Amino acid sequence: MVERFLSQTSFSSEEDFKEHLQFIIPENFNFAYDVMDVWAEEKPDKLALLWTDEAGKELRFSFKDLKEQSDQMASYFQSLGVGHGDKVMLILKRHFQWWLAMLALHKLGAIAIPATHMLTTHDIVYRNQRAGIKAIFCADDQYVIDQVTAAMPESPTVEAYITVSEHEHKGFHNWNLECKDAKPFVRPKIANTNDDTMLMYFTSGTTGEPKIVAHDFLYALGHITTGVFWHNLDETSIHLTVADTGWGKAVWGKLYGQWFAGAAVFVFDYEKFDPKKLLCQLEKYHITSFCAPPTIYRFLIREDFSQYDLSSLRYCTTAGEALNPSVFKDFYEKSGIKLMEGFGQTETTMTLGTFPWNKPKPSSMGKPNPQYDVRLLKKDETPCEDGEKGEICIHVGDKKPIGLFKGYYHDKELTKKVWYNGFYHTGDLAWRDEDGYYWFVGRTDDVIKSSGYRIGPFEVESALMTHPAVVECAITGVPDDIRGMVVKATVVLAQEWKDKANNDLIHELQDHVKHQTAPYKYPRIIEFVDELPKTISGKIRRIEIREKDAKNDEKEKKTDEGAQ
């Protein structure tokens, strides 16, 4: 399959990859037709999707099954008036219908907008109004159904809302009852052009209202490097990426790149993450390739791996946040597998990665994916030297790189703030070592300036994470009259340490950081919490911690003024 879209399909080294990665771009490329339907023709019985849930239910889909059922879904959408350019929001959790709907919408040239099931009525109204959503397809979940229902009076563009529920819900179409009666699908003469919008995401940003990231139909093509090379997949692979379908990591790890490789996508549909249940799935279904954010690995390494047969597992990757070196070390000791890190955004495909020919450096994001011209720039947009901190940027010449977003939908001003002077600015800070590996520092708005020092949150978090008491932590800056800012650590403790959450443990953690990294970086304030605030995609919301601290500081000032 890959040979249809790359001039060279295997690479022996970083130099070979950098010099010879070249895409073959078809006219009017459509992933559903040009990849999935071709697989269905050439290898109809090959396992493509293996779906399971907590109750033990199991569904297997061959490429032929996906072709037939996505055709049926496309016809069903047509019967509801969905066609080229129409926007359909998918709130389907990890239900198998998400994959059918994604392929069906691609076949129509419609625009898929995956969304999390945790959205409130306000969130849904905002999305409906900002994007002009025409239809909503949602899971069999009473909370989701209630929020969608409540949003309808303020959502004039929505003409149809569908559920996969076994029960009837007022106002909702029922997919289970209606889809089977869909007419035979007739493929549109021209479903799309390469420049048409295929996919939109409302980003779970750490500041402000969500932005709408718009991707064209070539975005899927850009994920060849994600699945075939970074995940290192082939037709023998059974791949599991831990991600809800409502955020961008799902198409990174559960759709495009994996099926370019011809791998089987494994799905475990669960309500609440349990490391023991996940390890059981890895064992039972002989998973060969696994990808998850660092948070998942933090919980997995606390389990006894000797209780599970993980002998089929041969390759593991991680992305979503920077990986703490201690997690890399512990996972390697338990599994014998070195985690291969990657970096990218909702606006891109994988931008940096540790590929099979790269030796992983614990905590490094790896090296640039050659489909992008990655630069590390200072504030004045001059290049950084090795060892200097700068912003990760993508140089955009006469032609937009495959995989890079089109811009923020209906927001030219916001697009210009990140895309100017020939560069897309990611907003992420890093430094590059002498071997060309990139090391995450933090977001441009997260850097702490204390007593003249610039302190990246991640370097302090990495130091704290090497202490056995710490499960998760977030580093933020707190205003200080003398130092300008001081470092604060908000810490989630391991269960066995929670009854020791006192000043002695605070001093122990502070001393630990002083011995792990430069002493000036140690957290002068430590707060213990049960959980960290996170975005809907699982990223730590440091801004929420900062805002909470600011409110508390304001209250204390008012109290002091009142006392005077």
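This is a predicted model: local features need pLDDT of at least 70, side-chain atom pairs count only at pLDDT 80 or more; totals for chains, interfaces and linings use all residues.

**A sheet and its helices**

With that term in hand, look at helix 17 (residues 503-516), which lies across strand 25, strand 26 and strand 27 and runs at about 120 degrees to strand 27. Helix 16 (residues 457-465) lies across strand 25 and strand 26, at about 140 degrees to strand 25.

The three strands form an open sheet in the order 25-26-27, with mixed pairing. Which strands stand at the edges? They are strand 25 (470-480) and strand 27 (525-529); each has a single partner strand, so one side of each is left without a neighbour in the sheet. From one strand to the next, the twist averages 25 degrees. Strand 26 (residues 484-493) pairs with strand 27 in the parallel sense, over five bridges. For an example, find Ala 489, whose bridge partner in strand 27 is Ile 526.

In soluble globular proteins, nonpolar side chains tend to be buried together. Here, the largest nonpolar core has 84 residues, and Phe 31, Phe 77 and Trp 259 have the most contacts inside it. Helix 4 (residues 97-108) gives the most to this core, with nine residues. A second, separate core has 59 residues, including Leu 282 and Tyr 522.

Now zoom in on Trp 259. Leaving aside neighbours within four places in sequence, its contacts include Phe 31, Trp 39, Phe 63, Trp 99 and Val 265.

**Rings meeting rings and charges**

A search of the whole structure finds 34 aromatic pairs. One of them joins Phe 31 and Tyr 256 in an edge-to-face arrangement, 5.0 Å centre to centre with 85 degrees between the planes. This pair links distant parts of the chain: Phe 31 is in helix 2 (residues 31-42) and Tyr 256 is in helix 11 (residues 256-260), 225 residues apart. Both residues, Phe 31 and Tyr 256, are buried. Ring pairs also link Phe 5, Phe 29, Phe 31, Tyr 219, Tyr 256 and Phe 260 into a cluster.

| Lysine | Ring | Distance from ring centre |
|---|---|---|
| Lys 338 | Tyr 332 | 5.6 Å |
| Lys 500 | Trp 497 | 4.7 Å |

Note on methods
Residues are numbered from 1 along each chain as its sequence is written. Side-chain values use heavy atoms; hydrogens and water are left out. A nonpolar core is a set of buried Ala, Val, Leu, Ile, Met, Phe, Trp, Tyr and Cys residues joined through side-chain atoms within 4.5 Å. Buried means under 20% relative accessible area, exposed over 50%, partly exposed in between (1.4 Å probe, protein chains only). Helices (H or I, at least four residues) and strands (E, at least two) are DSSP runs, numbered from the N terminus. Contact means heavy atoms within 4.5 Å. Two strands pair if DSSP finds at least two bridges between them. Axes are lines fitted to C-alpha atoms, for helices over the stretch in contact, and angles run from 0 to 180 degrees between N-to-C directions. Rings of Phe, Tyr and Trp (its six-membered ring) pair if their centres lie within 6.5 Å; planes under 30 degrees apart count as stacked, over 60 as edge-to-face and the rest as tilted. A charge sits over a ring if NZ of Lys or CZ of Arg is within 6 Å of the ring centre and within 35 degrees of the ring normal.
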